[in-house]
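Please open the model in your viewer and keep the selection tool at hand. The stops below say what to select and what is there.

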Amino acid sequence: MTDTFVSGFSYFFQAATDSNATGFEPCVSSIDPYKFYQFSLIPACLLTLLMAATTVRRRILLDFLNGRPGLLFPMDTLTRSSKISYASAFGATAFVVYQISIQHQFAIDYSGALAVSTLMAIFSMIIYGIVFFPVFACLALNTAFSFGIGALYVWMFFVVDLYRLSECSFTLSGRAVLFVRRLPSLGCLAYLSITLPVRFVIALQKRKYFKSNLGERPPDETLEAIRNSYQGQHVRKLLTKPEIVKEPEGMKNVIKAFVMEKIHSWIYHREKGFRYPARILSVMFVAACVVYVITVELTAYFFKLFGRITTFLAADLDLIGWEELPGEMSSTATVRKALLFAYYATRTIKYSLIVAIILACTLSFFTILHMMSSFRTNLYAMYRGDFSTIPPPADQGPVSLCTGSIKYAGYQVAYFVWAFIVTFVIIALICLAVSTLIHLFMFEVTEFIVNKVLQLWPSVVIAIVLMIVQWLLARYIFLQEDGQYLRLDNRRFYFVFTYFMFFFNIFLGLVSCLLRILKAIGVGTLLLARLDNSTLPRKFEFFDPGFQAYQGFIHMEAAHTHPVVNVFIRILASMSKARKAGKVGDTSVELVRKQLKHVRTDIENGQPVTKIDQVDSVRKKPINLSARFNWMVTYTLLHNPSIRIHRKGYVHALMKARKEGRKIPISDRPITVMDSLKTDEERERERHEELKKIKPLGPVRSAMNYVLGIAPDGTPRHSGGSADATGSVSWVKRRQMLRRRNGKAKGETVSDDDDGSSDTDSEGAVSVQTRQVSLELKDSEGHVIV
């Protein structure tokens with residue numbers, strides 16, 4: 001009977017894995033999936049060219065065919081509009097993604113050399129991309145023409161999927177399994193089949209027939225529209241004074257506040273002024289659909305496999321009897337016991353695997369929801385410049401971040417698939433271990449377990465007691481003030497206790513190392529699909545390709561969707577268009593200035609409410625815009641010192657210092673001594689400019705030196721060009737004559753013997769010295785030149 005059981009198990013396992021081994025006749029669809037996708041390339045290419053003809057090229061061959069067709073993209077990865085439609089378009093490809101990732105079924109049927117199979121897989125990816133391209137392109141164009149042909153194309157896929165479900169004569173249960181299996185793609189196609197015609201009608205009403213800006217030209221927006229947008233609401237919330245929350249009083253209120261805070265932290269709350277990008281919603285939706293399809297496939301597979309095995313075992317037990325009969329052979333009792341154990345073990349394995357599948361699926365869905373909330377938290381932190389969770393962009397560089405942003409979508413779906421499989425395997429092993437223990441107790445095979453427990457419990461108790469004793473001594477004996485400060489007390493006892501605990505902690509460390517491995521496995525399993533958290537330490541995050549992809553994605557989002565920057569640019573664009581139009585109305589420049597001047601945010605019923613006070617009075621006195629702007633800049637710099645390092649003066653000084661090879665401190669203090677940061681070329685240029693200014697004064701200085709008897713080098717000029725005593729006496733006499741003349745003018749008596757090493761007249765205009773005469777000559781602006 002044992003051989004029969006083994007052979008029967010092998011038979012039914014092969015039967016369960018055979019796709020044709022169903023309870024009814026095999027169903028082969030008349031629509032071959034390989035040919036369907038291959039022939040779908042024809043309408044896909046035609047529709048793509050038609051939609052591309054409605055756009056215009058911007059740089060290349062602008063004169064050829066009036067710049068048509070233009071480059072058409074399927075999806076703006078930074079957009080916040082049409083999120084559900086894009087998610088449905090990606091969801092329609094969920095079953096294709098499952099076939100690619102799990103079943104390795106591609107658009108080209110080939111079973112040959114491995115190198116050629118890899119090439120066929122690459123071509124299959126291109127085919128799938130082209131086939132589904134028109135569905136995304138019609139949403140990106142957002143015109144009546146694109147919605148019309150997109151609706152027709154989606155209807156084709158929807159009708160083909162419905163025909164595949166109805167063409168075979170399945171039983172009710174078989175048809176239900178097929179329907180549940182294709183539910184995500186059918187639901188998404190049904191949604192697009194309804195919404196695309198509705199959008200077609202709306203586009204006709206708005207007269208958006210063919211022309212689309214594809215997000216390249218900003219729309220004509222008023223200040224009110226900008227203020228009411230989700231980015232405007234976020235900026236208004238930033239400018240609103242936060243509400244002060246009072247601390248609860250009393251033990252009851254403190255406990256209540258603590259419990260409510262914990263509950264509030266576990267419940268998702270929508271934040272006004274935030275919208276998720278269409279890309280991350282689409283990626284998470286595709287991941288959820290793929291996990292759903294894998295769950296349905298595995299559940300149906302295990303039910304079919306173990307159902308047949310238990311049916312076979314039950315048939316054998318019916319032959320020999322479920323209960324022991326009097327007078328039967330011992331071999332029959334042994335076989336019965338083995339069959340009963342196999343029967344219950346098979347049922348246990350079946351339900352353990354089903355529970356593992358359900359828990360893995362549930363954990364994956366919760367991970368998706370938590371990742372969405374974590375993405376919002378991380379993006380807000382990036383807007384604030386907080387890089388405590390996500391490293392700053394300077395750590396990788398723009399090229400690496402852009403590459404990671406491209407990889408993120410595909411990586412995220414693949415990581416969810418692997419995380420589901422790994423989680424399922426680990427949970428299944430845990431469930432099998434628990435169920436095995438339960439069955440051992442059921443069949444009274446407990447001697448081995450009891451012996452192991454009796455051998456291990458003293459060690460476990462001692463380890464727990466030692467850990468508790470160390471904690472108690474550290475708090476109440478070894479630290480001051482009952483462990484409030486990290487300051488030792490009773491040092492001698494501390495040193496003795498530390499010495500003896502060294503040997504005990506070796507054995508505790510062995511167990512702790514095993515627990516560390518188990519914790520790492522558990523945390524790694526939970527965070528395997530979480531690309532927003534690296535499974536590696538902070539210093540080794542660059543080894544984690546998934547986390548690097550998430551970094552690139554979120555840095556790209558923060559760089560292009562910052563609400564403060566976007567609102568500021570939109571306001572400038574609105575004012576610029578109003579200024580060019582010169583209209584008098586809601587978009588006029590004067591009204592925009594009045595609105596910006598008289599906007600205030602009040603708190604009403606706990607919510608920020610923006611109000612506008614219209615002021616029709618016109619100022620009679622002109623406003624000094626330059627002075628007001630300078631005052632605003634000064635006020636901003638005084639209250640925000642950290643932004644001084646981003647001003648033009650500091651940036652130029654930093655560039656000069658780097659060119660010169662000098663280092664200046666990164667500080668918000670302004671640099672006043674700019675000469676120290678000048679390059680050698682600039683100093684040489686300034687010296688030549690000063691020499692050019694002094695050069696025209698050469699004749700004046702020469703004449704003055706000649707009158708005073710001073711040589712060009714600053715020494716006294718001697719008569720006849722020789723340095724004799726006569727010339728020196730003549731020079732001294734002239735000097736004394738000048739001193740007498742100045743003395744008479746002042747009413748003083750000057751002796752001829754007083755040579756005066758340094759004399760100055762009353763006006764300080766001329767100073768005659770023994771070796772040098774200094775003249776003060778000024779230019780037209782009053783600067784001293786000589």
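Predicted model: local features only at pLDDT ≥ 70, side-chain atom pairs only at ≥ 80, totals over all residues.

Residues are numbered from 1 along each chain as its sequence is written, and side-chain values use heavy atoms, with hydrogens and water left out.

Colour by pLDDT (the predictor's confidence in each residue, from 0 to 100). The protein averages 75, and 73% of the residues score at least 70. Confidence is lowest in strand S4 (residues 766-769), with a mean of 38, and highest in helix H18 (residues 545-560), at 91. Helices (H or I, at least four residues) and strands (E, at least two) are DSSP runs, numbered from the N terminus. Next select residues 752-786: pLDDT is below 50 there, yet the stretch has 53 contacts beyond near neighbours in sequence. A contact means heavy atoms within 4.5 Å.

Go to Glu 557, in helix H18. Glu 557 is buried, at a relative accessible area of 1%; buried means under 20%, exposed over 50%, partly exposed in between (1.4 Å probe, protein chains only). Leaving out residues up to four places away in sequence, Glu 557 touches Thr 77, Leu 78, Arg 80, Pro 277, Phe 375, Leu 379 and His 562.

Select helix H13 (residues 278-320) next: its 43 residues reach 63 Å from first C-alpha to last, close to the 63 Å expected at 1.5 Å a residue. The expected span is 1.5 Å times one less than the number of residues. Just after H13, Gly 321 has a positive phi of about 100 degrees.
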